[in-house]
Amino acid sequence: MAAAVSIARATDSTTLQEARSTDYIKSRLGSSKPAVVNDADFKIPIIDISPSFSSSLAARQAVADQIHAACTTSGFFYITQHGVSTASRTGILRQAERFFKEYPRDKKEEMHLRKSKLGYGWEPSSYTSIAGDVESKEAFNFGYEGGLDREGGDGLYRNLDGTSECGNMWPEEGKLEGFYKGVRAYYAEVLQLSRHIFRLFALSLSLPENYFDPMMTHPGGICRLLHYPPPTSPQPSTASSDEEIGLGAHTDYECFTLLHSSSAPGLEILTPSGSWHRAVPVPGSFIVNVADFLMRWTNGVYKSTIHRVVNRGSEERYSVPFFFSVNYDQVVETLETCLKEGEESKYPPIKAGEYILERLNTTTKDGKGFFGNADVVEGK
Ligand SMILES: O=C(O)CCC(=O)C(=O)O
Ligand SMILES: [Fe+2]
């Protein structure tokens, strides 16, 4: 991989109209023949990653090989025996529920998304829309800050837009006691786990295990608390054209996502034939999915698969995706080892933070972002 690249255009821009169509999302995922040609090959394996904590390289490689198989087919897999404590996992879901149910509405308004240049803060349902649907989700978003990282970085962390002041907005401690403590305990653990998994991704691509280490010295990691209320009317048990969408069809933008959720299902993954596969929560696991950077590094060999959320049941669904990125000032460009003789990269180089911010901004009505934008309400 070239050490320095000059980028004529910072990103391969997404226009608002383009960003609203599933066909467009698909087109962003490359045009080469997919490794999976039918749904029968589409698997979401459950991978016990305990051997990856072994001192034996062969044991770590064996886990990485299972990751490789998942990433080249569905782009999704569950991980178990990952080491993140039950206390943190239970704690973050409890804090999510408290925030959505107990934190006063006027206080939520004070930390509204439109006050953030970075997509952080309170995101009321329907304020944003990823694919033009009216979405039932309500969210709270926050990013990396030193206090959330047990290992500490190299001190060079920069926001998505290159600025350096902390952009997070937190609920008032007196009004939601213990919220930050619960969030920090969880974030610190999933950040550490993500660093570990990123090394497994390197092994999975036959790269040295520490290949990506210089790219995660001050990594970005956006964490999202999400609430999907039960639908207002009974939903079909399988996909139809008129369901109440929790979160519209999309791919994730970063390296990979670690998803933790309550027991209510909702995540649906687009299969090669175009049907929606329901990924039920497996107790104690995380769902891991390949996101766009890994797709771009591998020239599409690793699948950044379209997914969405529909709550079809009668329970509230809470979920907590953690979007692990490389350093936001890192350029992501196709790995030479992933290009066959004479093959061209399908993806121009991009700067990590700029790409993520641009894609986040397309979830607003005018495509220009949340900041200062009072009128972003979506709906068809
Ligand atoms: O809530 C979920 O289950 C998935 C959320 C998701 O896909 C996202 O926020 O990117
Ligand atoms: Fe997602």
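Strand β10 (residues 286-290) is mostly covered, with 5 of its 5 residues buried; buried here means 20 or more other C-beta atoms within 10 Å of the residue's own, against 12 or fewer for exposed and partly exposed in between, with C-beta atoms placed from the backbone. The model is a predicted one, where local features need pLDDT of at least 70 and side-chain atom pairs count only at pLDDT 80 or more, while totals for chains, interfaces and linings use all residues. Residues are numbered from 1 along each chain as its sequence is written, and chains are lettered from A and ligands numbered from 1 in the order in which they are written.

From β10, F286, V288 and V290 point one way and I287 and N289 the other, and all are buried. Strands such as this are DSSP runs of E of at least two residues, helices are runs of H or I of at least four, and both are numbered from the N terminus. Strand β2 (residues 76-80) pairs with β10 in the antiparallel sense over 4 bridges, pairing being called when DSSP finds at least two bridges between two strands. Y78 sits opposite I287 of β10. β7 also pairs with β10 in the antiparallel sense, again over 4 bridges, and here T257 faces N289.

Zooming out, these strands belong to an open sheet of 8 strands with mixed pairing, in the order β1-β2-β10-β7-β12-β5-β4-β3. Its edge strands, β1 (46-48) and β3 (121-123), each pair on one side only. On average, neighbouring strands of the sheet are turned by 25 degrees against each other, direction ignored. Axes are lines fitted to C-alpha atoms, for helices over the stretch in contact, and angles run from 0 to 180 degrees between N-to-C directions.

Now for a helix pair. Helix α3 (residues 57-71) and helix α6 (residues 179-204) pack at about 80 degrees, their axes 8 Å apart. That makes α3 roughly perpendicular to α6, a label for angles of 65 to 115 degrees. From α3, R60, Q61, V63, A64, D65, I67, H68 and C71 meet L200, F201, L203 and S204 of α6; residues are in contact if their C-beta atoms, placed from the backbone, lie within 7 Å. The residues of this contact divide into 7 nonpolar, 3 polar and 2 charged. Ala, Val, Leu, Ile, Met, Phe, Trp, Tyr, Cys and Pro count as nonpolar, Asp, Glu, Lys and Arg as charged, and the others, Gly among them, as polar.

Methods. Parallel < 35°, antiparallel > 145°, perpendicular 65-115°, else oblique. Contact = placed C-beta atoms within 7 Å.
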